[in-house]
Amino acid sequence: MKVAMPHMGHIYVPLRTLFREVGVEMVVPPLNSRRTLTLGAKHSPEFVCIPFKLTLGNFIEALEMGADTLVMAAGPGLCRFGYYAKIQERILRDQGYHFEMVTTELFESKLMGVANLVKRLSNGAPTQKVLAAIRFGLAKLGTLDELERVLHQVRATEAEKGSADQVFQQALAAIDGADSRAALKEIKNRYLMKLQQVERDGETEPVVVGITGEFYVVLEPFSNMDLERELGRLGAEVRRTTFVSEWMKFSLFLNAFGLSEKDRIHQAAAPYLRRDVGGDGWESVGDIILHSHDYDGLIHVAPFTCGPEIIAQNIFPAIKTRIPVLTVICDEQMGRAGMLTRLEAFVELLRRRRARKGLAVAALVP
Amino acid sequence: MEIYLGVDVGSVTTKLAALDENEGLVGSLYLRTQGKPIVMVQQGMRDIAECLPAGAVVRGVGTTGSARYLAGVLVGADVVKNEITAHAVGATHYVPDVQTIFEIGGQDSKIIILRQGVVVDFAMNTVCAAGTGSFLDQQASRLSMKIEDFGRQALESQMPVRIAGRCTVFAESDMIHKQQMGHRTEDILYGLCEALVRNYLNNIGLGKEILPPVVFQGGVAFNPGIVRAFEDTLKTKLIVPPYHEVMGAIGAALLAKEEIESHRRETQFRGFGISDMSFHTSSFECKACANICEIAQIMGDGKVVARWGGRCDMWERTSASVEQQA
């Protein structure tokens, strides 16, 4: 059996580890590229969102590499993404591919559901072993996210653009290869240090730009045209509101105990929106209010035709205390030049706004 | 005399402005880009050089507009800035207390919100042409009318008709319908002005707090029909500043002056001789990964001066080193 899952950021690293630990071969298709998108879009309904197109492209590229079992998130609690597995399965069968489609209902099944799925795919590996593999995978995920947070900071002030990313790529490969918790820990410390040692210049206090919006396009750099890297290049420090490790922690474990990371966000959103509108629309509204004091500005990313985020976007203008918000719509038709112009103007706006705030404070102090 | 140049290369028009050391406008140009930005920048530089008094020395040059990087490489820009910043800086120069800027050009339109001289919010139109100059251009030519006469005639309207304006396609069929029903041309024209204004305010103006003074600039500000439609809708007087059509170029020149003065450095201006250099562009597909990026390459007198277009830094870095060697 050869298992494949779609890409989303660097989540393939912990997944590959998880499957390797229980003796299942995983096929990792090439990272998202023009080709992936072209393949996916060719077989997709035109107005479906970019996550559908890219994940379908991933499946096609994985099948070309010999994958025979496709794993996809599904089920209620998402948005129309919940139905994508079913539709993609039919599209791929129509194309003549032979495979088994396995769906995981993370929202429903929690930790044991995932464990059972892994158990099934591994032809009945012992539960103990499955749980250990999940823990190791999660540890890798956590390490990656921790390094990425530092990457976001270093990028903004690095002396030579791209040097922090080079270190991160090395870290990614090292983490992928790590075969024990001890080795992982050593790699984490080594690369945290390397990242901190990247030569810096530029502003000492760069403007801080938050990123919120739909889960997939926030996390998959190809879908948002490397938004985070471009912001770093412009000298802005990125604070992403979503990390997979955080989200996993809640959806696999804590939600089962009635704990939700989202309560706080929903409370913040309450004056404007008091119900789930599907996807991450509710959270996008909440994030803008929640972070109006600690970020200079916020970028809201949404797939083209995304219902929940369109609702959120139309609420933003009504929010009184908000910081500047720029909505970036992600689609295969999106032009890179147009996006870069907007980002550049946005960062400039934040910088001048902050300079003025500084002036106002200076004026008050005699 | 010391001169600061601003070059704004837009999709439809290329604008140049020359300011003296006191930030007074010495000369300006408004040309059609005609899909040939390199040629137009070269021609513009030749023409603007003729506007300058004898003994004028260029101290700095800035570029803006959608071809700002290309123009920046051609002229040797000291500063390359996005259109939002350039337009805001230009408008504040003439109307220091401006709080709202409407800018409508050939293929894009913007709204810029300023408070106390600082940009606090902006929006640019995304994929829709129904709020831009091309929309009017197209409809004027369909009525076989010069775009320059459009506004004057629209102002003669007594009983404007309502034109569906969400999309150029709907607008056009609605205009034909109204025309075949026997409505007067001026009423249709003013109806079209109102449709464009409605579109602009509903799309990029959505949720923006439009406070006076409102400055209206860009090529479409030449059209008095649009000015009146805005004023009727907003119940506010619009300021169309002098040189509004070259405001982005003026802003770029001011930004160049700011850059040179704050860093006390020499300009990187290549000189007016660039008009006689031979530049040409070519492109190739980079096969280093599956993204197959199209890399554009700009050659000046046989040497590579710049490369760009990739998703990664690979070619931009190469071009930097190529330039150093050259």
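These notes go through selected features of the two chains, point by point.

1. Basis. The model is predicted; local features need pLDDT of at least 70, side-chain atom pairs count only at pLDDT 80 or more, and totals for chains, interfaces and linings use all residues. Residues are numbered from 1 along each chain as its sequence is written, with chains lettered from A and ligands numbered from 1 in the order in which they are written.

2. The A–B contact. Chain A gives 20 residues to the contact and chain B gives 20 residues. Two residues are in contact if their C-beta atoms, placed from the backbone, lie within 7 Å. On the chain A side, α2 (34-42) and α15 (336-364) each supply at least two residues. The largest share, 10 residues, comes from α15(A). By class, the side of chain A that touches chain B has seven nonpolar, three polar and 10 charged residues. Here Ala, Val, Leu, Ile, Met, Phe, Trp, Tyr, Cys and Pro count as nonpolar, Asp, Glu, Lys and Arg as charged, and the others, Gly among them, as polar. Helices (H or I, at least four residues) and strands (E, at least two) are DSSP runs, numbered from the N terminus.

3. G66 in chain A. G66(A) sits in the loop between α3 (50-64) and β3 (69-73) of chain A. Is G66(A) buried or exposed? It counts as exposed, because it has 10 C-beta neighbours inside 10 Å. The cut-offs: buried means 20 or more other C-beta atoms within 10 Å of the residue's own, exposed means 12 or fewer, and partly exposed is in between; C-beta atoms are placed from the backbone. Leaving out residues up to four places away in sequence, G66(A) touches K2(A) and V27(A).

4. The five-stranded sheet of chain B. The strand order is β3-β2-β1-β4-β5 (chain B), in an open sheet with mixed pairing. Strands pair if DSSP finds at least two bridges between them. β3 (25-32) and β5 (79-80) of chain B stand at the edges with a single partner strand each, so one side of each is left without a neighbour in the sheet. β4 (57-64) of chain B runs parallel to β5(B), joined by two bridges. T63(B) stands opposite V80(B) in β5(B).

5. A helix on that sheet. Helix α2 (68-75) of chain B lies across β1 (2-9), β4 and β5 of chain B. Its angle to β4(B) is about 160 degrees. Axes are lines fitted to C-alpha atoms, for helices over the stretch in contact, and angles run from 0 to 180 degrees between N-to-C directions.

6. Helix α6 of chain B. Which residues of α6(B) are buried? They are A171(B), D174(B), M175(B) and K178(B). These cover an arc of only 105 degrees around the axis, which puts them on the same side of α6(B). The arc is that of the directions from the helix axis to the C-beta atoms. On the other side, V169(B), S173(B), I176(B) and Q180(B) are exposed. The cover over the buried residues includes α4 (133-142) and α7 (185-203) of chain B. Just after α6(B), G182(B) has a positive phi of about 100 degrees.

7. Strands β11 to β13 of chain B. β11 (279-285) and β12 (294-300) of chain B pair antiparallel over seven bridges. S283(B) has A296(B) in β12(B) as its bridge partner. β12(B) and β13 (303-308) of chain B also pair antiparallel, over five bridges. There, G300(B) is bridged to K303(B). The β12(B)–β13(B) hairpin has two residues between the strands, and D301(B) takes a positive phi near 45 degrees.
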